[in-house]
Amino acid sequence: MEMFRTVAKAWNVPEIRKKIIFTLCMLVIFRIGAQIPVPGMDRQILADTFSSDTGLFALFNLFSGGAFSNFTIFALSITPYITASIILQLLTIAIPALERLAKEGNEGRKKIAQYTRYLTVVLALVQAVGVTIGLFRQALISTDVFSIIVIVLVLTAGTAFLMWLGEQINEHGIGNGISLIIFAGIIARLPSACQEIWTKLQDGSMSVITVILFAIFCVIVIVGIIEVQQGERRIPVQYAKRVVGRKMYGGQATHIPLKVNQAGVIPVIFAMAFLQFPLTITYFMNAQGSAAQWIEKWLSPTGSPGVWVYAVFNVILIIFFTYFYTSVTFNPVEVAQNMKANGGFIPGIRPGKATIEYLNRVMTRITFVGALFLAAVAVLPTIVSQLGGLNFHFGGTSLLIAVGVALDTMKQLENQMVMRNYSGFLK
């Protein structure tokens, strides 16, 4: 209820109302574009290809809100931009020149954002070529060079337009534009999921008790996601007093917030991509062949006993990628050096090596909790779906993204309200 009250208060502020309306208009444009088909493709062949909804196709379809399976102009979605951002983030650690650029403040971030845009277009072009003449070559109505070039350019332009759309939301709207585009795609699948459940209830293939139990399970998972996403370990930091000229600085106490889920949803996405790659290969195999049937039986989340093998590997990979990505995004050495340079220290811990070891120890412990949380959210919906016979579109990854984006957007909305309240008070 507090969320609705916040939105109602924000709507009464003309400037914020304008930003909310702008954001909604951009998301409507995204959903309209997600319905415009790419020319030159056989729709029946595409429908047959996506009938099983497994493999990496399911992952791409998740981020595109169904645009990938329908092969619309936004079929590639914002995935190339996400990949480019992760690559640049990793390269910033590996390449000293990019690391220096990242530390140059606003101008350095603008330069890295520019490199991200260029890399996004390149990745979108490569992915469009691979999808057109590789995965869906059999769906091409005409295989002449001009038709292929048109399809590739339309797909690349669609991703570039979505990237621009996200940046417009960042500049003139509320929330993170890229995240909101993914959020809109996930939420757009809710009506079809509800219709599927209603159809199964009507034909008797699903009981009301099953739906109620699954709804309760989803509520529990959402509450758990909110609690863990908001959870953090606050490391107390004390700054020593120092005299600069005639003024005295420091002396205040603050804290370093270490989030329980520092890596976000990235480990789940990486683990899903690794696990579903073998399923994607089966699209290029003989469906009746021994290799394809072995993969379907042992490595598929719908196979038996493949669902349990898939779940175990999923847990292992999520824990691994959680530690890996946390180590990339959080550098205890850099944090300790910055604290020491500004006269800060953790009470009871000596500055320098002891502080680094302490931060490492704390981060390792809370990361383990975050990793188990991500693994549980990713695996439990799959297991419940299999045991309950319910093929629901909202898996753990979808819930993580949707809830995380909603929390982040509401936090930004509250910040906007606080800024205006302070402004009014100062006047």
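Analyst: Gladly! Rolling a probe the size of a water molecule over the atoms shows where empty space is left. In this predicted model, the largest pocket holds about 1700 Å³ of space. Its lining is made up of 47 residues, and those closest to the pocket centre are Gln89, Asn176, Ile266, Tyr325 and Thr329.

User: Which helix gives the largest share of the lining of the largest pocket?

Analyst: That is helix H6, spanning residues 79–94, which contributes eight residues to the lining.

User: And how do the lining residues divide into nonpolar, polar and charged?

Analyst: The lining of the largest pocket has 22 nonpolar residues, 16 polar ones and nine charged ones.

User: Let's move to the outside. Which residues form a nonpolar patch on the surface?

Analyst: For such a patch, look for nonpolar side chains that lie within 5 Å of one another and have over 30% relative accessible area. Here the patch consists of Leu125, Val129, Ile133, Val145, Ile149 and Leu153, and together these residues have about 490 Å² of accessible area. Two helices each give two or more residues to the patch: helix H8 (106–135) and helix H9 (145–172).

User: Take Val145 as an example. Is this residue buried or exposed, and why?

Analyst: Val145 is found in helix H9. Val145 counts as exposed because its relative accessible area is 60%, and the cut-off for exposed is over 50%.

User: Now the charged side chains. How many salt bridges does the structure hold?

Analyst: To find a salt bridge, check for a side-chain nitrogen of Lys or Arg within 4 Å of a carboxyl oxygen of Asp or Glu. The structure holds two. In one of them, Glu167 pairs with Arg117, with the closest N and O atoms 2.6 Å apart. This pair links distant parts of the chain, since Glu167 sits in helix H9 and Arg117 in helix H8, 50 residues apart.

User: What about the salt bridge of Glu232?

Analyst: Glu232 meets Arg234 through their side chains, at 2.9 Å from N to O.

User: Why do Glu232 and Arg234 get the accessibility labels they have?

Analyst: Glu232 has a relative accessible area of 32%, so Glu232 is partly exposed. Arg234 reaches 52% and therefore counts as exposed.

Key:
Residues are numbered from 1 along each chain as its sequence is written. This is a predicted model: local features need pLDDT of at least 70, side-chain atom pairs count only at pLDDT 80 or more; totals for chains, interfaces and linings use all residues. Side-chain values use heavy atoms; hydrogens and water are left out. Patches are made of residues with over 30% relative accessible area and no salt bridge: like charges are joined within 9 Å, nonpolar side chains (Val, Leu, Ile, Met, Phe, Trp, Tyr) within 5 Å. Accessible areas come from the Shrake-Rupley method with a 1.4 Å probe; for residues, only the protein chains shown count as cover. Helices (H or I, at least four residues) and strands (E, at least two) are DSSP runs, numbered from the N terminus. Buried means under 20% relative accessible area, exposed over 50%, partly exposed in between (1.4 Å probe, protein chains only). On a 1 Å grid over the protein atoms alone, a cavity is a set of points where a 1.4 Å probe fits but cannot get out, and a pocket is an open set with protein on both sides within 12 Å along at least five of seven lines; lining residues have an atom within 4 Å of a point. Grid points are joined across faces, edges and corners, and a volume is the space filled by probe spheres set on the points. Ala, Val, Leu, Ile, Met, Phe, Trp, Tyr, Cys and Pro count as nonpolar, Asp, Glu, Lys and Arg as charged, and the others, Gly among them, as polar.
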